[in-house]
Amino acid sequence: MDMPMQGADTGTAEGPGPTRILAEFCAGLDLGTVDGLARRAARRHLIDTLGAMIAGGPQEATRMVERALAAGGIAPGTVPVPGLARRYDALSAAYIGGTAGHGLELDDGFRAGSVHPGTVVVPAAWSVAAARGAGGQALLRSVVAGYEVACRISAASHPRARWRGFHNTGTAGVFAAAAAAGLLIGLDADGVENAFGAAASSASGLFTFLAGGDVKRVHPGHAAREGLLAALLTEAGLPGPRGVLEFKEGYFNAYAGGDTGAVDYRRIDILAAGDNHPQSRFAVANCYMKPHACCRHIHAALDAVLDIVAAEDVAPGAVEAVEIGSYAVAASHAAVGWSEMTTAQMSFPFVIATALQRRRVTLADFGAAERADPAVLGLTPRIHVTTDAECDAEYPRRRSAKVRLRLADGRSFDRYVPEPYGAASNPLTDAALEEKFLGLAEPVLGAARARDALAQLWRIEEVADIRPLAELLAA
């Protein structure tokens with residue numbers, strides 16, 4: 001489309017800036033040129049995210065969003081939301097879907113950017129596809145593009161944005177949703193860059209949730225809706241600024257410390273930000289999936305503890321101390337309490353104590369009764385977390401942890417986990433992914449519908465119109 005855009009040209013003598021590079025990447029993406037590993041990863045992450053959305057639909061945070069929208073006058077619409085019975089307009093469906101997908105801490109992520117791309121990209125893309133009857137190939141193309149945007153922008157920002165208090169899923173995620181939605185409504189490179197310009201003003205999300213409350217759940221919902229809205233505003237003709245990522249008053253300077261002069265964001269190689277799978281240049285191929293229902297920063301230590309407890313048959317009462325060394329971002333979760341489900345899933349002491357007591361960490365372990373269980377709480381003072389210099393030096397290239405579990409009888413066991421289970425280098429098998437999806441979807445949809453939907457999702461590129469499948473995934 002021929003979209004007039006406002007603002008100075010932020011390219012350099014060497015060529016266009018990162019905003020334009022990302023916009024051209026998205027608009028020029030041909031699914032046929034995406035390697036097999038990345039295409040398979042896109043299908044897998046679509047399945048994984050939809051499973052999280054379905055399971056998160058009935059959660060209280062999602063219900064509160066529905067009640068708030070109803071109180072605000074949002075009327076029923078035509079777009080189905082995975083896991084819910086009521087239909088909405090596309091914007092509200094994206095907001096609710098993003099909230100649901102992130103609500104149980106089971107959504108995927110990109111380590112190098114500390115971001116959850118699926119729960120922003122998929123709700124926005126799914127809502128547009130369901131509203132306009134897009135086919136599976138167009139949907140998958142938008143997913144690949146959206147993941148690229150979320151992962152590259154967040155990786156270029158991290159950890160500087162984190163230490164400034166920003167939650168990359170909400171801030172970088174809005175650009176990813178704009179890209180994914182934009183491709184499905186037919187935006188060209190000018191249009192995608194314009195949508196980025198409109199979306200930037202809605203980038204938001206702070207780590208204040210570590211102090212309590214459930215606001216973290218709505219961060220990806222907000223990003224999915226606002227990114228979709230930015231694409232629709234562009235389609236409607238609203239001019240946006242160019243070069244909004246690297247512009248002097250733009251995203252990188254404001255959110256990631258570009259104003260300090262430490263990084264010249266006009267000249268970064270945005271498509272190389274973060275890292276890649278050895279066999280693919282596409283970011284979606286290097287994202288992780290969660291086997292445990294808690295913050296990913298805890299997973300490496302959690303894998304180590306679960307391995308020790310199982311291998312050595314350690315009784316909870318025999319544990320004198322668990323000494324954990326990890327990177328600074330992870331270690332900061334040692335101070336998080338567990339008064340609410342949100343904080344409990346972020347709390348190093350509670351999660352590790354749960355693993356010692358129950359030899360698992362599942363959704364069922366974060367209820368009110370479980371958070372008050374004296375057997376678990378009695379173990380929390382024995383969990384000690386510090387910043388390990390080697391682990392910190394590896395981050396964000398790795399999310400590693402060193403664990404020493406000491407017993408009262410004097411024995412001790414050590415483990416080093418360089419990368420937790422579910423990473424691209426240590427992935428869930430297809431069977432494990434199917435087990436996770438069905439475990440999340442069957443209680444909401446029933447076994448037959450969940451299995452039918454899963455079979456179609458594995459063949460998503462053959463689906464001519466998403467709308468019947470979207471209806472199948474609705475409650």
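A salt bridge is counted where a side-chain nitrogen of Lys or Arg lies within 4 Å of a carboxyl oxygen of Asp or Glu. Glu105, Asp214, Lys216, Arg217 and Lys290 are joined in a network of such bridges. The model is predicted. By this rule there are 38 salt bridges.

**Salt bridges between distant parts of the chain**

- Arg87 and Glu471 meet through their side chains in a salt bridge, at 2.2 Å from N to O. This pair links distant parts of the chain, with Arg87 in strand 2 (residues 87-88) and Glu471 in helix 22 (residues 467-473), 384 residues apart.
- Glu471 has a relative accessible area of 36%, and is therefore partly exposed, since the class lies between 20% and 50%.
- Asp307 forms a salt bridge with Arg415, and their closest N and O atoms are 2.6 Å apart. Here, too, distant parts of the chain are linked: Arg415 belongs to strand 6 (residues 412-417) and Asp307 to helix 13 (residues 299-312), 108 residues apart.
- Arg415 is partly exposed at 24% relative accessibility, and Asp307 is partly exposed with a relative accessible area of 40%.
- A salt bridge of 2.8 Å, N to O, joins the side chains of Arg358 and Asp373. Arg358 is in helix 16 (residues 348-358), and Asp373 is in the loop between helix 17 (368-371) and helix 18 (374-377), 15 residues apart.
- Arg358 counts as partly exposed because its relative accessibility is 21%, while buried means under 20%.

**Nonpolar cores**

- The largest nonpolar core contains 110 residues, and Trp126, Phe175 and Phe196 have the most contacts inside it. Helix 6 (residues 136-157) supplies the largest share of this core, twelve residues.
- Apart from this core lies another, of 44 residues, including Ala300, Val314, Val319 and Ala401.
- Leaving out residues up to four places away in sequence, Phe175 touches Val149, Ile153, Phe196, Ala199, Ala200, Val244, Leu245 and Tyr251.

**Gly250**

- Gly250 sits in the loop between helix 11 (219-236) and helix 12 (251-256).
- With a relative accessible area of 6%, Gly250 is buried, because the limit for that class is under 20%.
- Gly250 touches Val244 and Leu245, again not counting residues up to four places away in sequence. Val244 and Leu245 are also among the residues that Phe175 touches.
- Leu210 is 40 residues from Gly250 along the chain, and their C-alpha atoms are separated by 27 Å.

Note on methods:
Residues numbered from 1 in each chain as written. Predicted model: local features only at pLDDT ≥ 70, side-chain atom pairs only at ≥ 80, totals over all residues. Heavy atoms only, no water. Helix = DSSP H or I, 4+ residues; strand = E, 2+ residues; numbered from the N terminus. Buried < 20%, exposed > 50% of the residue type's maximum accessible area, 1.4 Å probe, protein only. Contact = heavy atoms within 4.5 Å. Core = buried A, V, L, I, M, F, W, Y, C linked by side-chain atoms within 4.5 Å.
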